[in-house]
Amino acid sequence: MDYHKRLIYGKLVDRTLADVDYVELSEKVYGQPYSSDVARRMMYGSRKTLELMDSMNLSAVSDKNMMSEIDEKILELRKEKQKMYDQRVALNSSIRVRSRQEELNEILTNAILQGNMKGLEYQPHDIIPSDNDLLVSLNDIHYGANVHNAWNVYNSDICVEMMRSYLDRIIEIGKRHNSENCIVWANGDLISGNIHYSIAVTNKENVIQQITGVSELISTFLAELSKHFNTVSFISVAGNHSRISPNKENSLHTERLDDLVEWYIKARLQNFKNVFVMDDKIDETMYTVDIRGKTYLGIHGDYDGSAAKVQSLQTLAGKPVYAILSGHLHHNRVESIQGIKTVMAGSFMGVDDFCVQKRIYGTPEQMVCVCDDTGIACHYDIDLKTT
């Protein structure tokens, strides 16, 4: 730039190059010769530009500094562009979630209105106070699944029969121990589910049928238990089969269709004075419930497969945890890990096609625990086989 300036000023300002022809000078200033008239106009234009730069002190700024400043401005523009893009993505995601939820709620409401279901009536009963409560699992029902293989047959009708048989065993155990209250924990996969991103409306209605079916089944289950216990509490957390995305990593943990079951049950049993749908959730993936002074932490289990997660769950709970309740793996198990009791309940479904492919065998089973102020006094493995 300084060389360019000396040539222009030498010709037009201090006149040290007054004798040099415009044509000859243009080749040095602009890299190629121009006619005398054109070169003169170009040099007068360059002079005005140089004088303007001098007046703004731009001449003191090096080419390197100018490029650095330009790069910085470009970077700022790119950052602002990215911010706008991220905001647009977040907005579209929010709109998509709300639209999907509103559509599901509308379909569910229509299904309920068209169901012509009989009302469930509450009947008060006097229950003698005692020193223990029942902790009853209702895990991995997979309502709507249709399984028929060499080891297992399962469908919605069989599920209903299993629920009746299970109810008889719970009432029997409650009478045996003179249990006062009943806490029912449903830790996910209540429906089989089949919703993905490219779902059609007919598929959504099929899943809604699963939701209304299992919700009505559980509502009736809780209504019957209310006759045999002082209070019946229901608490749940969603599982992986009810997520909207088939990919766990891409799925929002707030988008689980099992949550609609809880909403349905609360509305269905709103007139039952001794049935409570609890909402002591830390977030959508875990809850805590107090039983006789002990804290039980509930999860589904799809995020918490290893024993190392036990201490992490204790930390996330924010208070001492006596036991962790989970499902997901479709078999009963009770053990202690790092001083915390872990209680895993099985499934209603048993061996499905996935289990066959993975060479995993499991029997339909659930678990009933008798809890007092010391914790779990004993537990029962309930075989749900219908034949």
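What share of the contacts in the protein with a separation of 6 or more comes from residues 24 or more positions apart? In this predicted model, such residues account for 69% of those contacts. The protein has 387 residues, and 43% of them count as buried. Its secondary structure comes to nine helices and 14 strands.

Helix H1 covers residues 2-12 and helix H3 covers residues 36-55; the two pack with their axes 10 Å apart, at an angle of about 115 degrees. That angle makes H1 roughly perpendicular to H3, and H1 passes H3 in a left-handed crossing. On the H1 side, the residues that meet H3 are His-4, Lys-5, Ile-8, Tyr-9, Lys-11 and Leu-12. Their partners in H3 are Met-43, Tyr-44, Ser-46, Arg-47, Leu-50, Glu-51 and Asp-54. By class, this contact of H1 with H3 divides into six nonpolar, two polar and five charged residues.

Helix H2, residues 22-30, also packs against H3, here at an angle of about 50 degrees and with the axes 9 Å apart. H2 is therefore oblique to H3. The crossing of H2 and H3 is left-handed. H2 contributes Tyr-22, Val-23, Leu-25, Ser-26, Val-29 and Tyr-30 to the contact, and H3 contributes Ser-36, Ala-39, Arg-40, Met-42, Met-43, Tyr-44 and Ser-46. The contact of H2 with H3 has nine nonpolar, three polar and one charged residues.

How many aromatic pairs does the structure hold? There are five. A pair of aromatic rings is described by the distance of the centres and the angle of the planes. For Tyr-30 and Tyr-34, the ring centres are 6.3 Å apart and the planes stand at 80 degrees, so this pair is edge-to-face. Tyr-30 has a relative accessible area of 23% and is partly exposed. Tyr-34, at 26%, is partly exposed.

Another of the pairs is formed by Tyr-166 and Phe-221. Their ring centres lie 6.1 Å apart with the planes at 25 degrees, so the pair is stacked. Tyr-166 belongs to helix H5, residues 156-177, and Phe-221 to helix H6, residues 201-225; the pair links distant parts of the chain, 55 residues apart. Are these two residues buried or exposed? Both Tyr-166 and Phe-221 are buried. Together with Phe-348, Tyr-166 and Phe-221 form one aromatic cluster.

The last stop is a residue in a strand. Ser-236 lies in strand E5, which runs over residues 232-236. The relative accessible area of Ser-236 is 5%, and Ser-236 therefore counts as buried, since the cut-off for that class is under 20%. Which residues does Ser-236 touch, leaving aside its neighbours within four places in sequence? Ser-236 is in contact with Ala-186, Glu-262, Lys-281 and Tyr-287. A further reference point is Val-277: Ser-236 and Val-277 are 41 residues apart in sequence, and their C-alpha atoms are 8.8 Å apart in space.

Note on methods. Residues are numbered from 1 along each chain as its sequence is written. This is a predicted model: local features need pLDDT of at least 70, side-chain atom pairs count only at pLDDT 80 or more; totals for chains, interfaces and linings use all residues. Side-chain values use heavy atoms; hydrogens and water are left out. Axes are lines fitted to C-alpha atoms, for helices over the stretch in contact, and angles run from 0 to 180 degrees between N-to-C directions. Helices (H or I, at least four residues) and strands (E, at least two) are DSSP runs, numbered from the N terminus. Angles under 35 degrees count as roughly parallel, over 145 as roughly antiparallel, 65 to 115 as roughly perpendicular and the rest as oblique. A crossing is left-handed if the near helix is turned anticlockwise from the far one by less than a right angle, and right-handed if clockwise. Contact means heavy atoms within 4.5 Å. Ala, Val, Leu, Ile, Met, Phe, Trp, Tyr, Cys and Pro count as nonpolar, Asp, Glu, Lys and Arg as charged, and the others, Gly among them, as polar. Rings of Phe, Tyr and Trp (its six-membered ring) pair if their centres lie within 6.5 Å; planes under 30 degrees apart count as stacked, over 60 as edge-to-face and the rest as tilted. Buried means under 20% relative accessible area, exposed over 50%, partly exposed in between (1.4 Å probe, protein chains only).
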